Amino acid sequence: MAQPLLDLRFLTSASAAGQLGVCHAEVAFVGRSNVGKSSLLNALANQKQLARVSKTPGRTRLINVFLTGPDRWVVDLPGYGFAAGPASERAAWQAMIEGYLRGRRTLRMVFVLVDAEVGPTKLDHQMFDWLRETDLPFRIVATKADQVKPSRQLAQRRDVAAVLGLHPGDIAWVSSAKGTGIQELRREIADILAC
Ligand SMILES: Nc1nc2c(ncn2[C@@H]2O[C@H](COP(=O)(O)OP(=O)(O)OP(=O)(O)O)[C@@H](O)[C@H]2O)c(=O)[nH]1
Ligand SMILES: [Mg+2]
């Protein structure tokens, strides 16, 4: 069977959740700026420039919606914790992300991306707490796994999971650069969006 998500294509951008139309089901990527959300989307789609990637944090400034199959969305959100820029702008970003996460009845899973090498930051923990409070289903994805030394891979998986009170298997461990874990995540997302 062909791999799912390879048909991902750009649908629309919005600066507020209220501008978005309806869909059947959607999943979203959140995480701090520069953690690799847009790169992961490109890896899942096996397309190099579907979502814009940058070395400079704060590249994704809008809610970017990508379409797969009939009426299924994968949503790339702007990152949090990007220090540069005026406070008012940061507050507007936060309102955009919160507005989206609170406002979508069709949102089936929030994938929270954390850096595999750095582990969860204070802001990531705040995000987990907030997601628990709002009762949104979420799953943790550790990105840039290629940056973890091969000799540290197992221990790092265990450590990142332990900090979060999870088992190593509860966390998807991926590298967009090397393709690690991408096929598994594709299937997982396709299953979530399926019915
Ligand atoms: N080594 C390595 N670098 C990666 C990987 N994924 C992303 N990067 C790099 O990390 C940087 C940020 O990637 P983006 O995908 O733009 O990150 P983002 O989370 O979308 O960032 P914002 O849009 O600013 O929130 C880029 O320089 C990417 O090339 C990976 O799997 N391995
Ligand atoms: Mg991005």
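Start with the sheet: 7 strands form an open sheet with mixed pairing, in the order 1-3-4-2-5-6-7. Two strands count as paired if DSSP finds at least two bridges between them. Strand 1 (9-14) and strand 7 (172-173) stand at the edges with a single partner strand each, so one side of each has no neighbour in the sheet. Strands of a sheet pair through backbone hydrogen bonds, either parallel or antiparallel.

This is a predicted model, in which local features need pLDDT of at least 70 and side-chain atom pairs count only at pLDDT 80 or more, while totals for chains, interfaces and linings use all residues. Residues are numbered from 1 along each chain as its sequence is written, and chains are lettered from A and ligands numbered from 1 in the order in which they are written.

**The whole chain**

Show the protein chain as a cartoon. There are 5 helices and 7 strands in the protein chain, and from the N terminus on they run β-β-α-β-β-α-β-α-β-α-β-α. The radius of gyration is 16 Å, close to the 16 Å that the globule rule gives for 195 residues, so the chain is as compact as a globular protein of that length. That radius is taken over C-alpha atoms, and the globule rule is 2.2 Å times the number of residues to the power 0.38. Helices (H or I, at least four residues) and strands (E, at least two) are DSSP runs, numbered from the N terminus.

Along its principal axes the C-alpha trace spans about 45 × 45 × 30 Å. Of the contacts with a separation of 6 or more, 72% are between residues 24 or more positions apart. Two residues are in contact if their C-beta atoms, placed from the backbone, lie within 7 Å.

Buried residues make up 36% of the 195 residues. A residue is buried if 20 or more other C-beta atoms lie within 10 Å of its own, exposed if 12 or fewer, and partly exposed in between, with C-beta atoms placed from the backbone.

**Helix 1 and the ligand**

Select helix 1 (residues 37-45).

Now show ligand 1. It is surrounded by 24 residues, and the closest are Gly-36, Ser-38, Ser-39, Thr-60 and Gly-79. A residue is near a molecule if its C-beta atom, placed from the backbone, lies within 6 Å of it. Helix 1 gives the largest share of the shell around ligand 1, 3 residues.

**The core**

Next, select Leu-41 and Ala-142. Of the 41 residues in the largest nonpolar core, these two touch the most other members. A nonpolar core is a set of buried Ala, Val, Leu, Ile, Met, Phe, Trp, Tyr and Cys residues joined through C-beta atoms within 7 Å. The elements that give two or more residues to this core include strand 2 (25-31), helix 2 (87-103), strand 5 (107-115) and helix 5 (182-194). Leaving aside neighbours within four places in sequence, Ala-142 is in contact with Val-114, Ala-116, Val-160, Ile-171, Trp-173 and Val-174.

**Strand 6**

Ile-140 lies in strand 6 (residues 138-143). Ile-140 is buried, with 21 other C-beta atoms within 10 Å. Which residues is Ile-140 in contact with, leaving aside its neighbours within four places in sequence? They are Val-112, Val-114, Leu-164 and Ile-171. Val-112 is 28 residues from Ile-140 along the chain, and their C-alpha atoms are separated by 4.9 Å.

Strand 6 and strand 7 run parallel and are joined by 2 bridges. The bridge partner of Val-141 in strand 7 is Ala-172.

Go on to the loop between strand 6 and helix 4 (153-163), where Lys-144 is found. Lys-144 is buried, with 23 other C-beta atoms within 10 Å, and its phi is near 55 degrees, a positive value in a residue other than glycine. Most residues other than glycine have a negative phi.

Lys-149 is found in the loop between strand 6 and helix 4. Lys-149 counts as exposed, with 10 C-beta neighbours inside 10 Å.

Finish at Asp-71, in the loop between strand 3 (63-68) and strand 4 (72-76). Asp-71 is partly exposed, with 14 other C-beta atoms within 10 Å, and its phi is positive, near 65 degrees.
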